[in-house]
Amino acid sequence: MTIQVSRRGLLKGAGAGLAGGSLGALGFGGLEPAMAAAVRPFKLAQMRETRNTCPYCSVACGVILYSLGDKSKNARSAVMHVEGDPDHPVNRGTLCPKGSALLDFIQAETRTKYPLHRVAGSSEFKRVSWDFALDRIAKLLKEDRDRNFVARNGDLPVNRWITTGFLGASATTNETAWITYKVVRSMGALVFDNQARV
């Protein structure tokens, strides 16, 4: 494909490029970043900084959450700003579009913030305590494992439990992943996957 460029168009493009390059060379190109860097400390001065891990994919990027509200002043603490952690070895301060939208995820009204339970036959969920939720999960897991655990296949010991599956988190440390793997495998569970593959 050939593009027709007139002499006038060529001179206009070259002149604009030269003007932009000259402004950058003279130091005017860094005004906007310099202004943002100067304003930023004042914008986040009263906020509490908390380092965390992005919950989305298996990359486990580091994020910094800035929250406003000191409980001693009876102010409700709320996350006001999220950015990539420049000291994190994985992402070095960058975030993908999902990570950049974490603030919307945190402040979403539809986000589940506490355990819910739906009684069999009911059409609505009711809020329950964490103790109730964890005890119920443990009870149901124990019942299923006792009912379906296979200790032997003929004379061969197999110690397997295949009726319940486990899904591990992907944004965890090596230590947490190791403990999760050991706990799940020690129960004899064979159906075990990671959220990163989902």
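Q: Leaving out residues up to four places away in sequence, which residues does Val-82 touch?
A: This is a predicted model, where local features need pLDDT of at least 70, side-chain atom pairs count only at pLDDT 80 or more, and totals for chains, interfaces and linings use all residues. Residues are numbered from 1 along each chain as its sequence is written, and side-chain values use heavy atoms, with hydrogens and water left out. A contact here means heavy atoms within 4.5 Å. With residues up to four places away set aside, Val-82 touches Val-63, Ile-64, Leu-65, Leu-102, Leu-103 and Ile-106.

Q: What percentage of the residues in the chain is buried?
A: In soluble globular proteins, nonpolar side chains tend to be buried together. For this chain of 198 residues, the buried share comes to 17%.

Q: Which element gives the largest share of the lining of the largest pocket?
A: On a 1 Å grid over the protein atoms alone, a pocket is an open set of points with protein on both sides within 12 Å along at least five of seven lines, and lining residues have an atom within 4 Å of a point. The largest one holds about 390 Å³ of space (grid points are joined across faces, edges and corners, and the volume is what probe spheres set on the points fill). Strands S1 (48-53), S2 (62-68) and S3 (78-84) and helix H4 (102-106) each give two or more residues to its lining. The largest share, three residues, is from H4.

Q: How do the lining residues of the largest pocket divide into nonpolar, polar and charged?
A: Ala, Val, Leu, Ile, Met, Phe, Trp, Tyr, Cys and Pro count as nonpolar, Asp, Glu, Lys and Arg as charged, and the others, Gly among them, as polar. Sort the lining that way and you get nine nonpolar, four polar and four charged.

Q: Which residue forms a salt bridge with Asp-85?
A: A salt bridge is a side-chain nitrogen of Lys or Arg within 4 Å of a carboxyl oxygen of Asp or Glu. Asp-85 sits in the loop between S3 and helix H3 (97-100) and the partner in strand S1, so the pair ties together parts 34 residues apart in sequence. With the closest N and O atoms 3.1 Å apart, that partner is Arg-51.

Q: How far apart are the closest N and O atoms of Asp-146 and Lys-142?
A: Asp-146 and Lys-142 both lie in helix H5, four residues apart, about one turn of the helix. The closest N and O atoms of their salt bridge are separated by 2.6 Å.

Q: What is the phi of Arg-92, near which value?
A: Most residues other than glycine have a negative phi, and most peptide bonds are trans. Arg-92 is in the loop between S3 and H3, and it's exposed, with a relative accessible area of 65%. Its phi is positive, near 50°.

Q: What distance separates the C-alpha atoms of Asn-148 and Thr-163?
A: Asn-148 lies in helix H5 and is partly exposed at 25% relative accessible area. Leaving aside neighbours within four places in sequence, Asn-148 is in contact with Arg-160, Trp-161 and Thr-163. Although Asn-148 and Thr-163 are 15 residues apart along the chain, their C-alpha atoms are separated by 6.8 Å.

Methods
1 Å grid on protein atoms, 1.4 Å probe; cavity = no way out; pocket = protein on both sides within 12 Å on 5 of 7 lines; lining within 4 Å. Buried < 20%, exposed > 50% of the residue type's maximum accessible area, 1.4 Å probe, protein only.
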